[in-house]
Amino acid sequence: MAMIFGMLGQQDCAAAAVVCRHWSGVALDELWRSIPSLRPLFGLLGSLKRTELGYDLHPDVVLTAKSWDLFKSYGARVRHLACDDPSYDVGISSGLVMQALAVHPEGGILPNLRAAHWDVDGTGLSNVTAFCPPLLERMCLFIRPENASVDQVNRLLSDLSSSLANRLKSFEFGTNFTSYQDATMSTSLNAFLKTQRSLRQLRLPSYHIQDVATMSEVCQASPQLRTFCGEMRDLTSERLQLALNALARSGHSLRCIRLARSETHVPQETMGLADIEPLLQLSALEDVGLWLESKLHLDTQDIQRMGQAWRRVASLILYSDQGSQFDPCHLLTFAESFPALENLAAPFDCVGDIPNTNAVPSRFKSLRRLTLLDAHAPDGIIQPLAEFLARICGPEVTVVLSNYGPDSCQALECEFDWNRTWDQNWMTDAVRDWMARLYQAQEDFVCDAIGNLEWMEAFDNDFADEFRSAALIPWQTFNIGKISGKVKSASGGGFTAGKFTYIVVHEAGHMVPFHQPEAASDLFTRWLADAPLDPKLEN
C-alpha cells in the first residue's frame, strides 16, 4: 500500500488519508515523507506570524501537551527536508526551534530525517545544527551572503564537524560569496571533510576550490568516496597539477569525477592531455566531466590513451569555453577507444571534412546519446553529416546538436528517419525468423489483457491476417488437464507452438509464476518443446 500511495500526488494522498483508519497512517507517512519547509510542521502548533527573525508563533497561541504530541508524531514521519523552495523564502525563528528542541531533547525534532537540503542566509544558519539526527545521511548546504558572514559559516562547519562526524554519505556545499571569501572558508571545510570517513559523494558546485589540500583531504579521509564534483578557481597550471596529483594518489575508489576550471581573467594558455594526465591513473572511473575556460587540445593519440586508461567510462563530457573543437573524424577514435561509452558530449567542428560513410571501420558499441556542442554546419553539410552520424552511431543513439538553427535541426532529423524506421520494424523481422509469444495475466492491472491483445491484433506482420481471424480457445495444462487460460496463435497449425501467440492466464496477477506456477511451467515447457497449447483434436 505504501508503494501505491507513493505514486499519488499530494492532493490524492491527502484524500486517501481520510478514507479510513487503515489507509490514514500509510497515506500520512507518504504525505509527510518529504516537506519543502519547516513551516508546515511548525504550523501544527498554531498560527505563525512573520517577524524579523523568521516565522514565530502568534502571541495568542497557547501550547499544550497535546499540541506537542501532534507535532512530535508528524515530525517522526519526515524523512527528507528540502528547505530550498522559493515560496518559503523565510524560515522558522531560532527561538521557536530552540523551544521545540527543549521539548524533544532525545532524538531531536525530526528523529527519522535521512536527507536535508538547506538554502539559507544568515538568519537560518543557526537552525541547521538543530536538524542533525543520528539517521541523517545526506546533506546539501547552500549559503546565501545576506545577513551572513564568513565567521558564521566557519562556526557552522565547526559545529557540524562534531555533530555529523563519520555519518554523512553524501555532502553538497556551495555559497554565493566571492572567491576571496570562499578561500577563507577552506580551513574549516577541510577540517569538516576530515571527519567524514563514510562519505561516498562530495559535490562542491558553487564553491571555488583554491586550496589544493581540499582535493587530497577528502580522498584520504573518505576511502569509500565514489563521486567528486567541484570547481577550481584561479589555479595556475602548476597548482592544478598538484591538485590533480593529490586527487589521483588518494582517489582510487572514485567512479565519477566532474571538474570545472575557471579563471578571473580569460586565460591564453592551451591545455592538453599532459595537464590532466594524473586523472588517467584513476582506472575505475565510469563518469568523467571536464569544463575548462582555457583551450583544450587533444589529438588522436591522446584520445586513444584516455580510452586505454578509462576502459570503464560510460559517460564522457569535455568542454572548453575558448572555441576548441574536435574534427568529426575524431568520433571514429572515440568509437574505437571507448567500448563502454554510453554518453558523449564534446564540441565538434562540423564545417570541416566529413568522413565518407564507406570509410567507417567501426561504430560505437554501447553509445545511447551523442551531444555535439557548439556545432554549426551550413546547409550543404547537413546531409553528409547526418549520414556519417547514422553510420557511426547506429539506430538507438539520440543525437543532439547545440546552437543549431531550427531548419537545420529539422533537416537532420529527416535524415535519421530511415534509421528510426529500421528501429520500429525490428519486431516484424523477429516474428518472421523466431517464435514470438506473449503471456498475460487476466488479473494484471499493470499490463491489462485487453490492451495487449489489441496491440497484437493491430501489429502488421507476416501472420497478421491469420492471427486476427483466429479465436481465443481454452488451454489445458498437460499434467492435470486444468483449464488455465485461453490462447490465440498463428502459423502453428496445431502441431507447433506457432510463430505469433497470445496467452491469457486465469486467476493470476502480474507475477504469473508466483500466482499460477503449474500453468507457468506448462506454457514454458511446451514453448521450449515447440509444442502447441491449442492442439487441434482432429489432427
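Guide: A crossing is called left-handed if the near helix is turned anticlockwise from the far one by less than a right angle, and right-handed if clockwise. In this model, which is predicted, the crossing of H2 and H3 is left-handed.

Visitor: At what angle do the axes of H2 and H3 cross, and how are the two helices oriented to each other?

Guide: The axes of H2, residues 10-17, and H3, residues 21-31, come within 7 Å and cross at roughly 155°. Angles over 145 degrees count as roughly antiparallel, and H2 and H3 are therefore roughly antiparallel to each other.

Visitor: Which residues of H2 and H3 meet?

Guide: From H2, the residues Gln10, Cys13, Ala14, Ala16 and Ala17 meet Trp23, Ser24, Ala27, Leu28, Glu30 and Leu31 of H3. Sorted by class, this contact of H2 with H3 has eight nonpolar, two polar and one charged residues. As a general idea for reading such lists, an α-helix has 3.6 residues a turn, so residues three or four places apart point the same way.

Visitor: How many residues of helix H15 are buried?

Guide: Buried means under 20% relative accessible area. In H15, residues 330-337, seven of the eight residues are buried, so this helix is largely enclosed by the rest of the structure; the buried ones are His330, Leu331, Leu332, Thr333, Phe334, Ala335 and Ser337.

Visitor: How many disulfides does the structure hold, and how accessible are Cys329 and Cys447?

Guide: The structure holds zero disulfides. Cys329 counts as partly exposed because its relative accessibility is 36%, and Cys447, at 32%, also counts as partly exposed.

Technical notes. Residues are numbered from 1 along each chain as its sequence is written. This is a predicted model: local features need pLDDT of at least 70, side-chain atom pairs count only at pLDDT 80 or more; totals for chains, interfaces and linings use all residues. Side-chain values use heavy atoms; hydrogens and water are left out. A disulfide is a pair of cysteine sulfur atoms within 2.5 Å. Buried means under 20% relative accessible area, exposed over 50%, partly exposed in between (1.4 Å probe, protein chains only). Axes are lines fitted to C-alpha atoms, for helices over the stretch in contact, and angles run from 0 to 180 degrees between N-to-C directions. Helices (H or I, at least four residues) and strands (E, at least two) are DSSP runs, numbered from the N terminus. Angles under 35 degrees count as roughly parallel, over 145 as roughly antiparallel, 65 to 115 as roughly perpendicular and the rest as oblique. Contact means heavy atoms within 4.5 Å. Ala, Val, Leu, Ile, Met, Phe, Trp, Tyr, Cys and Pro count as nonpolar, Asp, Glu, Lys and Arg as charged, and the others, Gly among them, as polar.
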